[in-house]
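Please read it with the sequence and the structure in view.

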Amino acid sequence: MTGLEIWLLAVGLAMDCFAVSIASGIVLKRARWRPILTMAFAFGFFQALMPFVGWLCASAFSHLIESVDHWIAFGILAFLGGRMIVESFKEEEHRRELDPTSPKVVLTMAIATSIDALAVGVSFAFLGIKGYAEILSPILIIGLVSFILSVSGLLFGILCGCGYARKLKAELWGGIILVIIGVKILAEHLFFQ
C-alpha cells in the first residue's frame, strides 16, 4: 500500500470514531478537555491496536492463502464499507442519553468503533505486510488520524449540534473510501501483476 492509501484507509476507519464523537459531543454540550482527550485517546488507541492484533493473527496463516489474498482483502473492505454505507442511511429510532464520559461507555465505544480495524489488520497480512517495521507506520497513522478526528468530532458535536452532524454523513463517506480501496486492491492484483 502506498502512503496515500494508508492515509485514506485511516480516514475511512476513523469515520466511525468521528460519527460517534459527534454524537458524544452533542450529549456533552460543553467543551471539557479531560473527557475529550480521554475519549479521543481511547478511540485512537483501539483503532491502532485492532489492526495490529488482526495482522498478528492473520500473519500466522497468510502463506496458506496467498493465491486468494486480494479477494479476501477486497471482500473484507467491501463488506465493512458497504455496512457503513447502509448504516449511514438508517434513521435513529430513538436516542438514549448516556454519559459519554463514563469509563465503561468510553471503552465500549472505543472497542465497538474499532472492530472494523481488526478486519483491516487481517487484510494487511494478506497484502504482504510481513514485519513489525512494516506494520508500525500504518497502525500509528490509523491511531493518529482516529485521535484527531475524534477530537474534531467531539468539538463539532459540542459547537454545532446534531443539525449539521446529520448533514455531514461521515459514516457514508468512510464506507465509500473503504469500498474504493478494496476495489483498487482487487484491480491491482488482477490486472497489474
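The model discussed here is predicted. With a relative accessibility of 0%, Ser-146 counts as buried, because the term applies to anything under 20%. Once its neighbours within four places in sequence are left aside, Ser-146 is in contact with Ala-14, Cys-17, Phe-43, Gly-44 and Gln-47.

Phe-147 also has its place in helix α5, but Phe-147 is partly exposed, with a relative accessible area of 28%. Not counting residues up to four places away in sequence, Phe-147 touches Leu-37, Ala-40, Phe-41 and Gly-44. The pair Phe-147 and Ala-48 lies 99 residues apart in sequence, and the C-alpha to C-alpha distance between the two is 9.9 Å.

## Overall architecture

The protein chain contains seven helices and zero strands, and the order of its elements from the N terminus on is accordingly written α-α-α-α-α-α-α. Of its 193 residues, 44% count as buried.

Two packed helices are described by the angle between their axes and the distance between the axes. For helix α1 (residues 3-28) and helix α2 (residues 33-59), the axes come within 11 Å and cross at roughly 160°. Since angles over 145 degrees are counted in this way, α1 is roughly antiparallel to α2. The crossing of α1 and α2 is right-handed, and the contact is made by Leu-13, Cys-17, Val-20, Ser-21 and Ser-24 on the α1 side and by Met-39, Phe-43 and Gln-47 on the α2 side. Sorted by class, the contact of α1 with α2 comprises five nonpolar, three polar and no charged residues.

The axes of α1 and α5 come within 6 Å and cross at roughly 30°, which makes α1 roughly parallel to α5. In this pair, too, α1 passes α5 in a right-handed crossing, and the residues of the contact of α1 with α5 divide into 21 nonpolar, eight polar and no charged.

## Packing of α2 against α4

Helix α4 covers residues 103-126, and α2 packs with α4 at an angle of about 30°, the two axes lying 6 Å apart. The crossing in which α2 passes α4 is right-handed. The residues of the contact of α2 with α4 divide into 20 nonpolar, seven polar and no charged.

## Ser-21 in α1

Ser-21, one of the α1 residues that make the contact with α2, has its place in helix α1 and is buried, with a relative accessible area of 0%. The side chain of Ser-21 reaches the backbone oxygen of Cys-17 at 2.7 Å.

Which residues does Ser-21 touch when those up to four places away in sequence are not counted? They are Phe-43, Ser-150, Gly-153 and Leu-154. Of these, Phe-43 takes part in the contact of α1 with α2, and Phe-43 is also among the residues in contact with Ser-146.

## Two residues of α7

Leu-178 is found in helix α7, which runs over residues 170-191, and Leu-178 is buried, with a relative accessible area of 0%. Leaving aside neighbours within four places in sequence, Leu-178 is in contact with Leu-9, Gly-12, Leu-13, Leu-77, Leu-80, Gly-81 and Met-84. One of these, Leu-13, is also named in the contact of α1 with α2. Leu-178 and Gly-82 stand 96 residues apart in sequence and 8.3 Å apart in space, C-alpha to C-alpha.

Ile-180 lies in helix α7 as well. Is Ile-180 buried or exposed? Its relative accessible area is 54%, so Ile-180 counts as exposed. Between Ile-180 and Gly-81 there are 99 residues of separation in sequence and 8.7 Å in space, C-alpha to C-alpha.

Terms used. Residues numbered from 1 in each chain as written. Predicted model: local features only at pLDDT ≥ 70, side-chain atom pairs only at ≥ 80, totals over all residues. Heavy atoms only, no water. Axes fitted to C-alpha atoms, helices over the stretch in contact; angles between N-to-C directions. Helix = DSSP H or I, 4+ residues; strand = E, 2+ residues; numbered from the N terminus. Parallel < 35°, antiparallel > 145°, perpendicular 65-115°, else oblique. Left-handed = near helix turned anticlockwise from the far one by under 90°. Contact = heavy atoms within 4.5 Å. Nonpolar A, V, L, I, M, F, W, Y, C, P; charged D, E, K, R; others polar. Buried < 20%, exposed > 50% of the residue type's maximum accessible area, 1.4 Å probe, protein only. Polar contact = N/O pair within 3.5 Å; in protein donor to acceptor, adjacent residues only side chain to side chain.
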